[in-house]
Every structure is written in C-alpha cells, then in structure tokens.
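Dear colleague,

Here is the structure I said I would pass on. My notes follow below it.

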Amino acid sequence: MKISVILAHPDQASFNHAIAVTAVETLQQQGHEVAFHDLYKEKFPPVIPASEIPRNAVLPRIISIHCKEIAEAEGIIIVHPNWWGQPPAILKGWIDRILRPGVAYTFAEGDNGDGELIGLLKVHEVIVLNTSNTPADREMTKYGDPLESLWKNNMLVSCGAKNFYRKTFGVIITSTIEQRKQWLSEVKEITTAHFPA
Ligand SMILES: Cc1cc2nc3c(=O)[nH]c(=O)nc-3n(C[C@H](O)[C@H](O)[C@H](O)COP(=O)(O)O)c2cc1C
C-alpha cells in the first residue's frame, strides 16, 4: 500500500520522532511504499497565500507534490504532540494547504459551498499518534479531547477516509525509558495491525 507518514515536531531527539521512525520502519518491513514527511526538517511552508484559496488555483510545486501524494495515499499516519489542544502550527498549515478542494473534498454539483463536504480521499486507514503531558482523563473531562474531533472530522467525516484510529501516548514528561520502549512496541503493534503485509 502507498502510505504517507506526516510528522510535526521540531526536535529530532523528541519522542515524536521516535514514534514516526518506528512507524516508518514497521511499514517498510511490511513491504509498504512509504512517503515520509518530517515537516520541520523539510521546512514545509505552512502559510497559505490568498492566491491559493480558489479551487482552481495554480499551486507551488511543493504543494502540488504533497497534494498528489495525499490523493494517491491508501493510508496515512500523522504524528504530533498536543500543543494547546492543537497540532503544531506547521501541521495546521499542512492541513490548510493540502486538504484542499478537489484533492481531499468537494461539494455536490450545484452546491454553492455551504453544503456538506464530499470526501475525495481514497484512504482506507488513518492513524493519528499523539503525545501529551496531560493525563488522559483530565484531557477529556477538562478540555473535551479537542484533537479527537479535529482529526476525526477532518479525515473521516470531511475527507472520506474509511477508518480512523487515534492514540495518545503520555504522560511523556514523567515517563521512564522502559515506559517509552513499551510505547514504541505499541506503535509497532498498532502499525502492523492497521497495515499488515
Ligand atoms: C507550545 C507547547 C504547547 C503545549 N501544550 C500542551 C497542551 O496543551 N497539553 C499537553 O498535554 N501538553 C502540552 N505541551 C507538552 C507537549 O505535549 C509535550 O512536550 C510533548 O507531547 C512531549 O513529546 P516530545 O518529547 O516528543 O516533545 C505543550 C508543549 C509545547 C512546547
């Protein structure tokens, strides 16, 4: 399968990097074709210009490449930390520029743009792997777990992905080496279960 892995974390030594590298290696071991994007390392340009908003906009080459890849992807894995209940801004910019009309969604004919989105992605499985320093129960009861609705609504409801799975690893700040090893084993298991050979 063609699988895109999108990582948003500026620190190469972060646990998020370890998660993404583990997922990529596991996918490759299963024989999948992997497109891996470390957005900070690649200096992905997250700010959408006005000229890019129209559906028929002429896109910069880097944006066209990402759009083509995501349109052809059969699986997507997204890895990022919880930053204020949101993805890092670079990944929000990737959403704005890549999950665009004609690539990730469209409207029914005759719709003037206020109707339901029709998803265009042919993705079977989306996995979102997050890290957090807030215990899971507090993230849910106090904040309502905003990352769940963000990703579920974007990928599954609006862009047409067939299945969605999300897991948050944490609490990171107080975790031991042993705990992190265990979490990386879980990443391997999750990746293999959703994307078998
Ligand atoms: C700008 C910023 C905002 C953050 N906001 C939150 C937050 O809202 N909730 C939370 O649990 N952790 C928050 N954190 C902590 C990160 O989630 C945590 O550092 C990260 O998940 C640890 O993974 P890492 O070792 O790969 O960086 C924030 C960290 C930064 C730098």
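**Ligand contacts**

A polar side-chain atom of Thr131 sits 2.5 Å from an oxygen atom of the ligand. Please keep in mind that this is a predicted model.

In the side chain of Ser132, an N or O atom is 2.8 Å from an oxygen atom of the ligand. At Phe15 the backbone takes part, with a polar atom 3.0 Å from a ligand oxygen. The ligand by itself exposes 620 Å², and the protein buries 69% of that area.

Which residues come closest to the ligand? They are His9, Asn16, Asn82, Thr131 and Thr134, out of 14 residues that surround the ligand. Sorted by class, this shell holds nine polar and five nonpolar residues, and no charged ones.

**Strands**

Thr131, the residue with the 2.5 Å approach to the ligand, is also in strand β6, which covers residues 125-131. Strand β6 pairs with β3 in the parallel sense, over seven bridges. Within that pairing, Ile77 stands opposite Ile127 of β6.

β3 covers residues 75-81, and how many of its residues are buried? The count is seven of seven. Gly75, Ile77, Val79 and Pro81 point one way from the strand, while Ile76, Ile78 and His80 point the other way; the residues of both sets are buried.

β3 also pairs with β1, again in the parallel sense, here over five bridges. Leu7 has Val79 of β3 as its bridge partner.

β1 (residues 2-7) has a further parallel pairing, with β2 (residues 33-38), and that one runs over six bridges. Lys2 stands opposite Glu33 of β2. Between β1 and β2 the chain passes through helix α1, residues 15-29, and this β-α-β crossover is right-handed.

Gln86 lies in the loop between β3 and α3, the latter being residues 89-98. Is Gln86 buried, partly exposed or exposed? Its relative accessible area is 46%, so Gln86 counts as partly exposed. The C-alpha atoms of Gln86 and Pro146 are 7.2 Å apart in space, although the two residues are 60 apart in sequence.

Regards

Definitions and conventions:
Residues are numbered from 1 along each chain as its sequence is written. This is a predicted model: local features need pLDDT of at least 70, side-chain atom pairs count only at pLDDT 80 or more; totals for chains, interfaces and linings use all residues. Side-chain values use heavy atoms; hydrogens and water are left out. A residue is near a molecule or strand if one of its heavy atoms lies within 4 Å of it. A polar contact is a pair of N or O atoms within 3.5 Å; within protein, one must be able to donate a hydrogen and the other to accept it, and residues adjacent in sequence count only if both atoms are side-chain atoms. Accessible areas come from the Shrake-Rupley method with a 1.4 Å probe; for residues, only the protein chains shown count as cover. Ala, Val, Leu, Ile, Met, Phe, Trp, Tyr, Cys and Pro count as nonpolar, Asp, Glu, Lys and Arg as charged, and the others, Gly among them, as polar. Two strands pair if DSSP finds at least two bridges between them. Helices (H or I, at least four residues) and strands (E, at least two) are DSSP runs, numbered from the N terminus. A crossover is right-handed if, with the strands pointing away from the viewer, the path from the first strand over the helix to the second runs clockwise. Buried means under 20% relative accessible area, exposed over 50%, partly exposed in between (1.4 Å probe, protein chains only).
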